[in-house]
Amino acid sequence: MARFVLSRIGQTLAVLFTVSVIIFALMRMIPGDPVLMMLGDDFTQGAYEQLKSKLGLDRSVVVQYLYWIGRVLSGDLGDSYLNHERVSRLVLDAFVPTLVLVIASLIVGVLIAVPSGIIAAMRKDSAWDWGSMGFAIFVYSMPSFWKGIILIWVFSVYLGWFPTMGYVAPWSDFREGLWRLVLPAITLGTFFSGLVARIIRSSLLEVLDQDYVKAARARGVRQAALVYKHAMANALIPVVTVIGLQFGTLLGGAVLTETVFAIPGMGRLSVAAILNRDYAVVQGAILLGVVSVVVVNLLVDIAYAFLNPRIRVA
Amino acid sequence: MARPLGADGRPFDPDGLTLPAAAPEPAALGSRAALHRWWRRFARNRGAVFGLAVFLTMVAMAIFAPLISPYDPLAQGVGIPMASPSTAHWAGTDSFGRDILSRIIFGSRVALIVGIASVLLAMVVGVTLGLVSGYYGGLVDVVIMRIMDGLFAFPIIILAIAMMAVMGFGVRNVIIAVAVGFIAPFARVTRGDVLAVKEEPYIEAARLAGVSSLAIIFRHVLPNVLAPIIVQGALRVSGAIITESGLSFLGLGPPPPTPAWGRMIAEGQTFIVMAPHIATIPGIALMIAIVALNLLGDGLRDTLDPRMRR
């Protein structure tokens, strides 16, 4: 087990290294001279040279990368070009609402997926099975931002059940915060639920076909007990993997969903930063986003190994 | 003389002696007969045929947009602003009094061009990297695949946002931004298949006969790994269109006034209370396109690549 965890951590570090090089390279491809941009009207030849060497831009690319990654590792992502706030502060502040949305969507997704996947598997080829699978394809094909607007139209504008948009942190006002999260979480969670329901269905069908389940059925165990006591635990293992694999997609979807619902998260921060050419913020936001995806994947893999002893050896 | 076909669509071979039994036939589109067999399998898949029909309609719509759209998509004030659907404007008008149906028809151009061009671009780059990586192995393989691992860690839309930040707006840049996110999957699929094909006796025979590596890769390896690549490509087009519409929804797509479905939805959100049709109708067009492309992709997967069948 320790060997498995260590080798997965090693792989993760390798991926993180590549990711950092890609982001560093991307930011160097931006047209225009960052030194000129930062100086603006204060341009003099002397100031130009001074700032250039202060930023390390007169050194080789490798040295520049090492200099940059050193600062990143010590938590320094630079300052926002617009309002001179620390980028690390801005990015972390924006990451919290996004993460809250992703977690709420995961909960909504699993709450929808588990029952519909189980029923679809227990009544295979019934109207329920076809219906829930059709619904899965339907919500999967709806772009999240459009789904969000439709939900706002129906549930906020027409029925008036939920606020149209905005964000309140659940820990500052739990009721209000939760209330405002319902529509965004449904928007993002239904996308996820379709996929998970299909996986629960196929993995449950596979488990129900195995000898130990057949033996239990032969002993006269009822269908419901069969599913909940014998099959469910094993059928849920693949779900853990999907959650890990889909975390990145969910984060990407959150970027769009929070734009619809005016949630002050990573999506709004990075889009505003791009439009303002505030590249230090763009870089910090993307770095934090990708690092979180890679780390979640690592954690899920380790959790998976705990749940499924057969993996540990490999 | 053509061989009679068995029930499985392969040449009938009663004693199983003359043909390798049940050998997978990934790239079985070489001959006209094989193409015909594939089409018969494909035509039985109702979802796939529906997807193909919608896709072809979309292509026709994009090509003949100037002929079939009732109004100029950029002309303002062709109707009363924010008018609901009527006989004069089937999909209503937007806040500038532009005809929404005409803008949807022209918007299909951006969606299709970005969807297809970005996947083709990603395919060319990804497949080349996968071929080189799988065929040569060693350090080249390690370096290329580690870069692919890094790219793969980026959520597609976040990578596309980063690319747009670097390159600036415009249709060409959207194509590149979307394509970069799809390179890694193509490289991985290709590499995996190349590793298997590389060990086949006919590759070794070609090598011993003194055929150059480049010729082996393109003449002998590529045709035999093509089917899963085509399937992968078909499955990615809908993802590319979703990504493009997401970018233009965020305001990072082709600059206005170019009609793009994502931007039309974003513009309509402002008026969701007064005129809900402005945001909802372009979304329906987008969703039909995505469902159709998903069905088409699934159909191609099920009929082209026996190993990927569910």
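Chain B comes out with a mean pLDDT of 83, and 88% of its residues reach 70 or more; pLDDT is the predictor's confidence in each residue, from 0 to 100. This is a predicted model, where local features need pLDDT of at least 70, side-chain atom pairs count only at pLDDT 80 or more, and totals for chains, interfaces and linings use all residues. Residues are numbered from 1 along each chain as its sequence is written, while chains are lettered from A and ligands numbered from 1 in the order in which they are written.

**Confidence**
- The model scores ipTM 0.83 and pTM 0.84.
- Residues are in contact if their C-beta atoms, placed from the backbone, lie within 7 Å.

**Where the chains meet**
- On chain B, 36 residues are in contact with 36 residues of chain A.
- α5 (138-153), α6 (156-167), α9 (213-250), α10 (261-269) and α11 (277-304) of chain B each supply at least two residues of the side touching chain A.

- Helix α11 (residues 237-260) of chain A packs with α6(B) at an angle of about 65°, their axes 7 Å apart. Axes are lines fitted to C-alpha atoms, for helices over the stretch in contact, and angles run from 0 to 180 degrees between N-to-C directions.
- A:Gly252, A:Val255 and A:Leu256 of α11(A) make the contact with B:Ile156, B:Ile157 and B:Ile158 of α6(B).

Notes:
Two residues are in contact if their C-beta atoms, placed from the backbone, lie within 7 Å. Helices (H or I, at least four residues) and strands (E, at least two) are DSSP runs, numbered from the N terminus.
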